[in-house]
Amino acid sequence: MCGIFGYWDRARRALPADALEAMAQRLAHRGPDDEGIWSQPARGVAIGNRRLSIIDIGGGHQPMVSDDGQVAVVQNGEIFNYIELAADMRARGIELRTHSDTEVILRLYEHEGIAGLAKLNGMFAIAIDDARQDAMYLVRDRIGVKPLYVADDGERVVFASELKAMLPWTSARNGLDAIDLEAVHHYLTFNYIPAPWTIWQGVKHVMPGTWMKFTRTGVETHRWWDLSLQREQHFEFNTWAEEFMSILDDATRIRLRADVPWGAFLSGGVDSSTIVGLMARHVQSPVKTFCIGFADPRFDESEFAAEAARRFGCEHTMEVAELNMLERWPHVLYHLDQPHGDASFMPTLRVSELAAKHVKVVLTGDGGDELFAGYDKYSEFFGRDGSDALDDNTFRRSYFDSISLFTPQAKLALYQDSVAKHLSSIDSFDAAASRWFDESAHHGRLNQALYLDMQLLLSGNNLVKPDRMGMAVSIEARTPFLDWRMMELAFRSGGDTKLHAGDKKHWYKKAVAPMICHDLAYRKKQMFTVPVGEWFRSSSYGWLKTTLESSGLLAKLFKADVVTGMLEQHRAGTANFTRELRALAALALWAKPFE
C-alpha cells in the first residue's frame, strides 16, 4: 500500500524537484516508511512513490527500474498472486532480484507488455514510464479498489493517488472558481461524485479496469477488464456453493500474504464473520480482530462481533466509541479530498485508528453487499407490487430514482438561477448511469441494479471508505470479496440466487451458515453508521445551521430560502431531510479550507 504521483510533459518541460517533493509529502500518510522518485528532467517525466512497507520490507523500494534504465514502475496496492507469477517467471528463466510484488509488475511488463498486467490478481494503481516507447501508462485495478487521479491539459499530465497531491499543478490552483458544477450536480444525485468526475474541472478519476497511455501527441484509453462480459447460467446450489466457498477461501488465503502484522475488521455481520472464519483456517495463531461499540444499542454490534470472535478463537479488541463524531468530519473530508455525504466514514476512521495500534493490514468484508444483494434497497425495490411488469426503460429510470438523493426537480429548485441555467440540460441518469444499464442489459434486472452499484457506488464511495480511512492512519485494507474470480462468479449467478422471497444474499448465507453459524448468517443487517438525523434535530441543530449559513460555496450555488426550509422542516419533524442536509453539510465543510 502506497501513494504514487508524477507528471508527463509533452513539451519535455521539467517540474522542479521541490514540486515533486511537495507531492510526496502530501501523500506521506499513505506511505510513512519510504520514499522514491524516478525523475528524467530532460524528457519531462517523473514518477514517485511513498511506501507503506508490507511485502519484502527491505527489498521492495520503489520505483523499480529495469536493468537498462528504460522502464520504471511505481504502484499503490498489492499483487496477491505475485508468488505464483514470480515462480512462473523463474521457470521461464527470468531473473528476479527481490521478493517484491512490484518487481513482478516490472518484469511482467518487460516481457509481455501492457497486456501482461491482466495476469495480476490484486488491488492496484500503477504508473509505468517507458522510455523505449517514450510513453507513460497509468493502470487502475479491475473494480477501482485503489484510487488514481489524472489531469491532462493537453501539454502536461499530472497524476496522484489523492487529489491533494496534485492541486497546485491543476486548475484547482484557482480555488473554488475551478469547481466542476457538473460534478456537484451528480453529487446531489448520488451522495458522492461518481468516476470519472471529480470536484475539480479538468481533473478526472481513472476508470476502474482501464489503462491510459500518454504520448507526446495525445492519450489512448483502453478498458482491459469488463465485468459485463459474464453471462448468467443455471447452477445447482451444491455446485454453486462449492465454487463460491473455494474461490472465497483462496481469495482470503492469498490476501494473508504480508511481512507485517495483520488482522480484520469484525462487526459480527455475515460478510466480516465469513472472512474471519476463512482467515482462521489458514493461520496457526489467533486472528486479530477489531470492532468499535456504541453505548446506544441501536447502533452497537459489538456483542455479535464478540460472538464471532469467540467462535473462531480470535484475539479480539473492542473499544466503546463516542457516538457523536461530528467534530471529526472536517478531518475525514480532508482525507477524502471531495465531499461525501456518507456518515459511516467517521466510525470507519475510528475503527481504523483502533486497528492501527496493532497491525498494518486488515481484511474486510467490503463488496459482499454489492455482489450478492445485501442492502435493503434491493429487497424494497424488487419487492414492490408491479415491479416485474415495468418495461425496460421504466425499470431503469424507476430504480435510478429510488437510489437518488435529490430528484432532478429538487436540484433545479435548490440551485441559484444562474447555476440552474448552466445545469438544466444535464441529466445524471443519462450522463452517469445509462451506460451501465446498457452494458448489463443481457442480465436479469437484479443483476443490472447490482452492476450499476459495482461500477458507481463501489469506486465512488464504498471502496473510498476503507482506502482513505485506513490510509489516514497508515494501514492497508484488503477485500477478498472483490477478487476478480468472485466478481465473475457473482455475475454468472442469477438474481434468484441472491434475492429470494425477500431473503437477501440468499445462497451466500446458506453456503456460509455451517461455518459461521445460523444466527450470524441470518441476523438482521445493521448499517455501520451514526444517527446524524437525530442530532440535526436536537443537539447539533445550531452547529448545522451555522455550517450551512456561513458557507460561501453554498451561498454561491444554492438558494438560501430552500436550504433554510429543509433545515426547519427537518427540525420540526414534518420531513426527514437527513441525507440531503448531510450532503449539503459535507459540501460546506469540504469547501471551508478553500474559502
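1. A17 and D18 are exposed on the other side of helix α1 (exposed is over 50% relative accessible area, buried under 20%, partly exposed in between, with a 1.4 Å probe and protein chains only). Buried in α1, residues 17–26, are A19, L20, M23 and A24. These buried residues fall within an arc of 140 degrees seen down the axis, so they line one face of the helix. The arc is taken from the directions of the C-beta atoms from the helix axis.

2. This is a predicted model: local features need pLDDT of at least 70, side-chain atom pairs count only at pLDDT 80 or more, and totals for chains, interfaces and linings use all residues. Residues are numbered from 1 along each chain as its sequence is written, and side-chain values use heavy atoms, without hydrogens and water.

3. The buried residues of α1 pack against four strands: β1 (2–9), β2 (34–40), β3 (45–51) and β9 (156–160). Helices (H or I, at least four residues) and strands (E, at least two) are DSSP runs, numbered from the N terminus.

4. Helices α4 (181–190) and α25 (578–591) have axes that come within 9 Å and cross at roughly 145 degrees (lines fitted to C-alpha atoms over the stretch in contact; angles run from 0 to 180 degrees between N-to-C directions). V184, Y187 and L188 of α4 meet A583, L584, A586 and L587 of α25. Contact means heavy atoms within 4.5 Å.

5. S161 sits in the loop between β9 and α4. S161 is buried, at 0% relative accessible area. Its side chain reaches the backbone nitrogen of I4 at 2.9 Å. Residues touched by S161 include R30, N76 and R468.

Conventions
Polar contact = N/O pair within 3.5 Å; in protein donor to acceptor, adjacent residues only side chain to side chain. Lists of a residue's contacts leave out its neighbours within four places in sequence.
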